Structures are given as structure tokens and as C-alpha cells.
Amino acid sequence: MYDVLLIPVDLSSANDHVLDRARALSTPGDTRMLLHHAIETLQDEAPGEMDDFYADLQQEAEKKLGDWASTLAEDGFDVDSLITYGEQGPEITRVAEEENADLLVMRSHRVNRDDPDSPVGTVSHQVAVFAPCSVYLVRP
């Protein structure tokens with residue numbers, strides 16, 4: 001059905017249901033899954049000031065993405081992982097374009113239209129608006 005699924009993830013276990021949905025939308029041997037984690041960079045930092053902090057985040061992301069990739073590979077899927085740095089929304093849409101993703105599958109939360117304080121403009125909202133391909137938002 002899809003050639004390339006881009007799956008942006010944070011490092012929480014809340015992404016397990018996103019991976020389940022991605023499996024259902026994919027065909028082992030035919031679909032390439034790309035797990036992507038964007039490490040949000042801080043504004044106005046001095047060069048080198050946050051290197052240790054980013055190194056720790058990179059190490060944690062490599063482990064988590066590696067675990068998820070291994071599980072998906074055991075199920076017969078062609079899976080890669082990618083870690084980038086920058087603002088999450090633009091990074092996700094950039095990677096989707098560069099990797100020629102057919103579909104983005106990512107986590108989102110419900111927005112209550114009757115609650116004026118309900119957040120709009122989240123990462124998933126940005127991605128849904130600016131992505132170069134279709135976006136499948138998975139809610140718990």
C-alpha cells in the first residue's frame with residue numbers, strides 16, 4: 001500500500017500504539033518504515049554550551065529507536081531510524097520530503113473545540129498543515 005512510512009516519535013511509550021497503527025498500514029517486505037526523532041534545539045545558546053546535554057539526548061534516542069527498529073525488523077519490516085536536530089515540526093516535514101515519504105504516521109492528542117485553552121498549533125498540527133504527503137494522526 002505504501003512504499004515509505006515516516007514515523008516521527010518522541011521517546012515515550014505512548015508511541016507504541018503509533019507503531020501498531022504503522023504495522024497495520026504496512027506490508028512486510030514492501031514498505032520501508034523510517035523512525036524519526038527530532039531533538040529540539042534551544043534558542044540563543046552559545047556554541048558548545050549544550051553539547052553534553054545533546055549528547056545525552058542523542059544516546060537515549062539511539063537506544064529507544066534501536067529497540068523499536070529491532071522489534072519491527074523481527075516482524076519482517078524494512079526499518080531505518082534517523083535522529084535530527086532542530087525545531088520538530090519543520091524537521092519532520094523536511095525529512096518527509098527528503099525521504100519521499102508516502103505517509104506520515106504520528107501521535108496526536110484530542111483537541112476540545114469547546115475549550116478555548118485547548119492547545120492548537122502543536123507539532124502534529126504543524127506537520128498536518130505543512131507535510132508534503134498525507135498525515136495519519138493516531139490518538140490514544
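Select the lining of the largest pocket: its residues divide into eight nonpolar, nine polar and two charged (Ala, Val, Leu, Ile, Met, Phe, Trp, Tyr, Cys and Pro count as nonpolar, Asp, Glu, Lys and Arg as charged, and the others, Gly among them, as polar). The model is predicted: local features need pLDDT of at least 70 and side-chain atom pairs pLDDT 80 or more, while totals for chains, interfaces and linings use all residues. Numbering starts from 1 along each chain as its sequence is written, and side-chain values use heavy atoms, without hydrogens and water.

Stay with this pocket (on a 1 Å grid over the protein atoms alone, an open set of points where a 1.4 Å probe fits, with protein on both sides within 12 Å along at least five of seven lines; lining residues have an atom within 4 Å of a point). The lining holds 19 residues, and Asp10, Gln88, Met106, Arg107 and Val123 lie nearest the centre. The space amounts to about 360 Å³, a volume filled by probe spheres set on grid points joined across faces, edges and corners.

Next, colour by secondary structure (DSSP runs numbered from the N terminus: helices H or I of at least four residues, strands E of at least two). β2, α3, β4 and α4 (123-130) each supply at least two lining residues, and β2 gives the most, with three.

Now display the five strands, which form an open sheet with parallel pairing in the order β3-β2-β1-β4-β5 (two strands pair if DSSP finds at least two bridges between them). β3 (78-85) and β5 (134-138) stand at the edges with a single partner strand each, so one side of each lacks a neighbour in the sheet. Within the sheet, select residues 4-8 and 103-107: two bridges join these parallel strands, β1 and β4. Leu5 stands opposite Leu103 in β4.

Helix α2 (residues 51-74) lies across β2 (32-39) and β3, at about 165 degrees to β3 (axes are lines fitted to C-alpha atoms, for helices over the stretch in contact, with angles from 0 to 180 degrees between N-to-C directions; contact means heavy atoms within 4.5 Å). Helix α3 (residues 88-98) lies across β1, β2, β3 and β4, at about 155 degrees to β2.

Finally, show the whole chain, whose elements run β-α-β-α-β-α-β-α-β from the N terminus.
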